[in-house]
Amino acid sequence: QVQLVESGGGLVQAGGSLRLSCATSGRTFSGYFMGWFRQAPGKDREFVAASNWGDGITYYGDSVKGRFTVSRDNAKNTVYLQMNSLKPEDTAVYYCAAVPPGFRLTIASNYLYWGQGTQVTVSS
């Protein structure tokens, strides 16, 4: 059974940092991109970042460039999202997901596997 399990969310003050983790199991995601999305109440799911398991190529949404960093630990089958300089508008449920190669990374419906999400709340 394929599982993606996020952790690391919580409450933080504006300007603070959090690191989210996404532990994967149940299959090998070689060649896949691992993406991070977020969804705030009443809003569409928004692309945050993505990274390729193999060569580590990364992509970021415009709203998080320069503040968030995605990385991976292949030995632990885990992907991370380091979030710095957090703002209240970063408040959302954050999801990790996996998409096979050849699909547009910013489109949530392209992703085949999803985690359950972790809440991030940034207070002003």
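Two strands count as paired here if DSSP finds at least two bridges between them. I start from that, and from the note that this is a predicted model.

**Entry: strand pairing around S11**

I looked up the bridge partner of Gln-13 in S11. The partner is Ser-123. Gln-13 falls within strand S2, residues 10–13, and S2 pairs with S11 in the parallel sense over four bridges. I then checked S9 against S11. They pair in the antiparallel sense, over three bridges. Tyr-94 stands opposite Thr-118 of S11.

Which residues of S11 are on the covered face, and which on the uncovered one? I find Thr-118, Val-120 and Val-122 on the covered face. Gln-119, Thr-121 and Ser-123 are on the uncovered face.

**Entry: the cores**

I went to the largest nonpolar core next. It has 26 residues. Trp-36, Val-48, Phe-68, Leu-81, Met-83 and Tyr-94 touch the most other members. The elements giving two or more residues to this core are S3 (18–25), S4 (33–39), S5 (46–52), S7 (68–73), S8 (78–83), S9 (92–99) and S11 (118–123). Which strand gives the largest share? I find that S9 does, with four residues.

I set aside residues up to four places away in sequence. Leu-81 then touches Leu-18, Arg-19, Leu-20, Trp-36, Val-48, Ala-49, Phe-68, Thr-69, Val-70 and Tyr-94.

I also noted a second, separate core. It has eight residues, including Phe-33, Phe-37, Ala-50 and Ala-97. In soluble globular proteins, nonpolar side chains tend to be buried together.

**Entry: Leu-4**

Leu-4 sits in strand S1, residues 3–7. Is Leu-4 buried or exposed? I read a relative accessible area of 5%, so Leu-4 is buried; the cut-off is under 20%. I listed its contacts, leaving aside neighbours within four places in sequence. Leu-4 is in contact with Cys-22, Ala-23, Thr-24, Phe-29 and Met-34, among others. The list also includes Cys-96, Ala-97, Ala-98, Tyr-113, Trp-114, Gly-115 and Gln-116. Ala-97, one of these contacts, belongs to the second core. Leu-4 and Pro-101 are 97 residues apart in sequence and 18 Å apart in space, C-alpha to C-alpha.

**Entry: positive phi**

I looked at two residues other than glycine with positive phi. Asn-77 has phi near 55 degrees. Asn-77 is in the loop between S7 and S8. With a relative accessible area of 39%, Asn-77 is partly exposed. Ser-85 has phi near 50 degrees. Ser-85 lies in the loop between S8 and S9. Ser-85 is partly exposed too, at 41%.

**Entry: the whole chain**

I counted secondary structure last. There are zero helices and 11 strands. Buried residues make up 43% of the 124. I took contacts between residues at least 6 apart in sequence; 56% of them join residues at least 24 apart. The accessible surface is about 6200 Å², and 48% of that belongs to carbon and sulfur atoms.

Definitions and conventions. Residues numbered from 1 in each chain as written. Predicted model: local features only at pLDDT ≥ 70, side-chain atom pairs only at ≥ 80, totals over all residues. Heavy atoms only, no water. Core = buried A, V, L, I, M, F, W, Y, C linked by side-chain atoms within 4.5 Å. Buried < 20%, exposed > 50% of the residue type's maximum accessible area, 1.4 Å probe, protein only. Contact = heavy atoms within 4.5 Å. Areas by Shrake-Rupley, 256 points an atom, 1.4 Å probe, with all protein chains shown as cover.
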